[in-house]
Amino acid sequence: MSPEATDPAQPSPSSTPPSSTPSSSSSSSSSSSYDPESRGLRLVAVLLVLTVVSGLIDAVSYLGLGHVFTANMTGNVVVLGFAAAGAPGFSVPHTLTSLAAFVVGAVAGGRLSGRLGGGSRRRWARITLAVEAVFLGASSAVAFAAPDATATIYALIAVTAFAMGLRNATVRRLGVPNLTTTVLTMTLTGLAADSRAAGGTGRHSPRRSASVVAMALGAALGAWLVLRHGLGIPLLVAAVAVAALAVCASGRE
């Protein structure tokens with residue numbers, strides 16, 4: 001036998017399988033870095049849309065339900081003082097109904113956050129948004145079914161205030177800075193106090209400014225719809241918008 005013959009027990013270099021390939025290593029790397037929480041619309045955008053909805057809801061409640069707020073409870077406490085002093089156009093029962101329903105909704109939102117907040121942020125946000133959409137849709141149905149009934153006013157105040165309390169509790173737990181969706185007092189304060197004119201950096205000015213604009217746009221849209229189409233359509237618009245967010249919201253800021 002020739003000395004150059006290959007030992008059959010020893011595999012040839014060409015038959016040795018490669019340990020890994022660049023494509024397989026890159027695919028495993030991408031799969032390991034995949035974050036399901038990032039799927040969908042970012043929370044900043046979601047909360048800005050919810051701020052528009054808040055403006056719309058307060059336009060419905062203030063213009064169509066007897067000068068009461070169901071999203072902005074700061075204004076509602078002031079309205080309660082007006083009503084208690086006997087100012088015309090304001091109602092103590094309407095305002096107390098709104099305040100009570102909002103607090104109950106916030107309690108429900110807190111309990112829901114306690115159950116879901118430790119898991120997927122995306123799932124938690126979507127479930128809460130879906131619940132809010134159901135309540136807003138129910139209020140729209142009531143407004144279409146019995147627009148002139150006295151009971152309708154109390155039902156709409158209670159249902160929309162409950163939905164806003166539920167949402168506010170969730171937004172508070174989510175903790176996205178400068179986006180409360182219903183209150184702008186501290187947003188405006190931060191916008192001014194942290195601006196370059198006040199010696200600050202103005203780093204959060206775009207988000208704060210967007211929040212103020214979103215609230216104004218929602219209020220303008222809501223007022224236009226209420227004055228021309230009554231209460232059912234703006235509530236339906238709000239329900240559809242929140243339902244769309246429930247489908248596409250992500251868990252990342």
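At what angle do helix α2 and helix α6 pack, and how far apart are their axes? I looked this up before anything else.

**Ground rules**

I am reading a predicted model, where local features need pLDDT of at least 70, side-chain atom pairs count only at pLDDT 80 or more, and totals for chains, interfaces and linings use all residues. Residues are numbered from 1 along each chain as its sequence is written, and side-chain values use heavy atoms, with hydrogens and water left out.

**Entry: α2 and α6**

Helix α2 covers residues 43-64 and helix α6 covers residues 150-174. (Helices are DSSP runs of H or I, at least four residues, numbered from the N terminus.) I find an angle of about 155 degrees, with the axes 12 Å apart. (Axes are lines fitted to C-alpha atoms over the stretch in contact, and angles run from 0 to 180 degrees between N-to-C directions.) The two are therefore roughly antiparallel, a label for angles over 145 degrees. α2 passes α6 in a left-handed crossing. (Left-handed: the near helix is turned anticlockwise from the far one by less than a right angle.)

Next I listed who meets whom. L43, L47, L50, V53, S54 and I57 in α2 meet T160, M164, R167, V171 and L174 in α6. (Contact means heavy atoms within 4.5 Å.) I sort these residues into eight nonpolar, two polar and one charged. (Ala, Val, Leu, Ile, Met, Phe, Trp, Tyr, Cys and Pro count as nonpolar, Asp, Glu, Lys and Arg as charged, the others as polar.)

**Entry: the cavity**

How many cavities of 30 Å³ or more does the structure hold? I find one. (A cavity is a set of points on a 1 Å grid over the protein atoms alone where a 1.4 Å probe fits but cannot get out; lining residues have an atom within 4 Å of a point.) The largest cavity has about 70 Å³ of space. (Volume is the space filled by probe spheres set on the points, which are joined across faces, edges and corners.) Its lining includes L43, L47, L50, R167, V171 and L174. α2, α5 (121-145) and α6 each supply at least two lining residues. I count the lining as eight nonpolar, two polar and one charged.

**Entry: α3 and α4**

Helix α3 (residues 73-84) packs on helix α4 (residues 92-116) at about 150 degrees, axes 9 Å apart. They are therefore roughly antiparallel. Their crossing is left-handed.

How values were computed: Parallel < 35°, antiparallel > 145°, perpendicular 65-115°, else oblique. 1 Å grid on protein atoms, 1.4 Å probe; cavity = no way out; pocket = protein on both sides within 12 Å on 5 of 7 lines; lining within 4 Å.
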